[in-house]
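Please keep the sequence and the coordinates at hand.

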Amino acid sequence: MAIFADSGTRVVVQGITGRDGSFHSRQMMEYGTQVVAGVTPGKGGQKFDDRVPVFDTVEEAVREEGATASVIYVPAAFAAAAICEAADSGVKLVVCISEGIPVLDMLKVVPYVEDQGARLIGPNCPGMISPGQTKLGIIPGQIVEPGPVGVVSRSGTLTYEVVWKLTCAGLGQSSCVGIGGDPVIGTNFIDCLSAFEQDSQTEAIVLIGEIGGTDEQDAALYIKDHLSKPVVGFVAGQTAPPGRRMGHAGAIISGSSGTAEEKIATFRENGVEVAERPADVPEIIAQALNG
Amino acid sequence: MNIHEYQAKEIFREHGIPVPAGEVATTPEEAEKIAARFGTEVVVKAQVHAGGRGKAGGVKLAATPAEAREAAEKILGMEIKGLTVQKVLVSPAEDIKHEAYVGAIVDRSSGAVVLMASPEGGIDIEEVAAKTPELIFKEKVDPRYGLLSHQAQRLGYKLYAGDPGRARQAADMIQKLYDSMIDAGASLIEINPLITTGSGELKAIDAKMNIDDNELFRRKEIAEYRDVESEAPEEVAARAKDLTYIKLDGNVGCCVNGAGLAMATMDLVKYYGGEPANFLDIGGSSSPEKVVTALQIITSDPGVKSILFNIFGGITRCDDVANGIVEATKGIELRVPITIRLTGTNEEEAVKILEGAGFSAMTDMDEAVQKAVALATN
């Protein structure tokens, strides 16, 4: 088991002929991901690396090759449209690696994807990996191992750091999901926590948050009420400067300053253990698994 | 990207939101002339990308042109939260009978634009929200339909209950405020205070707008509002190379790939007894040139006593970073020690490149941070 994607997931890559898309498609295939099709409008009929058929539209990729998930590496200007196209073409999982999508566009994209019955991960995220099975995105395959720990994170390289430390400590992972750092995203912490709770392979969960917003606080309350599996939190940004904040609307709407202190306190109040350093995560997880 | 009050007011004017007249001055003489042209009492306001400007003394009333000159002398060159004031906005002073608050923001948790209004506007609005949340009225906008007119009306009547004339004016203004936000690609827009004048007119006497950086590629006219002179010069230099840099007052200069890891590195510097001198994210696909710029920016900060590189290679290739470090330090003698931690993509090549140039590299983050902190404090 794993969450959201496994060895049976059939992937179409949108933007497969681009610089990032081609590099990471090869990396995904090397890892074992079933990349069954690519999409680059105008290049339909070509083959990527002499083996993966390229189509003009996602619809064709679904019809001809049975794609069930899409990974998006297209420039920001086309990324919102690419997400909607994927969701409208029948894939159930859309992972958007592309960054730079205007937030006002994402406000429309997120409900649209939901209405099509698809799940969006991202945008502006490293994607996800189910170790030993498949990877959709850019998380380096060599730092993970299959195992019992579910990882969900708002960040990219910090996730790698924590996952690598887990792997070095002999603690493999069920799935690692980078949900992205943008203000408006598809899948959030709670969606992942709920999926890990249901997943039989997952025995403990690491949640990596950072400053800004109230997603970590919402997650803490959800954990208290809905999770039976142990969760370890980490929050980056304790030394981040308060900034030259303009306007009051942010503080008024959330009633929160979004600081690391506040997030850490909310985790602890709700029974979630918080690691002080990334290096402390494996030990706390090991104790939770043995305890 | 933050824009100045006078720029946001231009956008307001284009959308038909009533704002006071006003002109921008960069010298006290100009401020005096503008005040003389208006021929009334004026208010002189610092134009700076920092909140809390009124409390910092950046807003002054002036009864005469000579006083306007004096006020501008005091405000121009003033530092507010580390930024130097380069411009003031001079506007006729208004006859204020009442102050309300109106704002809109992209709300992360509801995934929608939320409009907010309060009849208790002014500089203490956050306190109003904390202590009397029942005085903050909200409308969530469904992105599929945009702001519906009954929502704007509902807010108008909540702001000015018992005064249908003002309620209707306010509803019209709120609709225009929402349109300004969408047209400019703003993630935050605010009028505080929205005043009622002695003659019962509503006016926006302040204006704040934060533009989503991701909108700038398709809104050239808004992108031109960027005022690089009013930004910290190191931050401008960093942005030109696609780096994100924020200066702090510490002794360990940090250069990291990825924002989350950069923050975690800074936290660890503090954990081991040092103080981070900056936040610097070299981003995903880092070229050697980016690393050269990063090192130049860090070393230009006299507070830096030790430099720490923390790179977890994914898309970022460790050999690119290594080449950048070697390139940047060629021909110049580093005045402070440098600690390099690299792991991940092309780590072995990177170590060879660094060792060839006389540097050593570490692989563990905690050990590297401890070493960098020790070097900074010795």
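In chain B, among contacts between residues at least 6 apart in sequence, 68% join residues at least 24 apart. The model from which this value is computed is a predicted one. The secondary structure of chain B amounts to 13 helices and 19 strands. Taken along the principal axes, a box of roughly 75 × 50 × 40 Å holds the C-alpha atoms of chain B. Chain B has 378 residues, of which 50% count as buried.

We now turn to the interface with chain A. Here 60 residues of chain B are in contact with 47 residues of chain A. On the side of chain B that touches chain A, the elements giving two or more residues are the strands β8 (96-107), β9 (112-118), β11 (186-197) and β13 (208-211), together with the helices α4 (125-131), α9 (259-271) and α13 (365-377) of chain B. The largest share of this side, 10 residues, is supplied by α9(B). Sorted by class, the side of chain B that touches chain A comprises 31 nonpolar, 17 polar and 12 charged residues.

Helix α9(B) also takes part in a helix pair across the two chains. Its partner is helix α5 (residues 157-168) of chain A; the two pack at an angle of about 65°, and their axes are 6 Å apart. From α5(A), the contact is made by A:Thr157, A:Leu158 and A:Glu161, and from α9(B) by B:Gly260, B:Leu261 and B:Ala264. By class, this contact of α5(A) with α9(B) has 3 nonpolar, 2 polar and 1 charged residues.

Key: Residues numbered from 1 in each chain as written. Chains lettered and ligands numbered in written order. Predicted model: local features only at pLDDT ≥ 70, side-chain atom pairs only at ≥ 80, totals over all residues. Contact = placed C-beta atoms within 7 Å. Helix = DSSP H or I, 4+ residues; strand = E, 2+ residues; numbered from the N terminus. Nonpolar A, V, L, I, M, F, W, Y, C, P; charged D, E, K, R; others polar. Buried ≥ 20, exposed ≤ 12 C-beta atoms within 10 Å, placed from the backbone. Axes fitted to C-alpha atoms, helices over the stretch in contact; angles between N-to-C directions.
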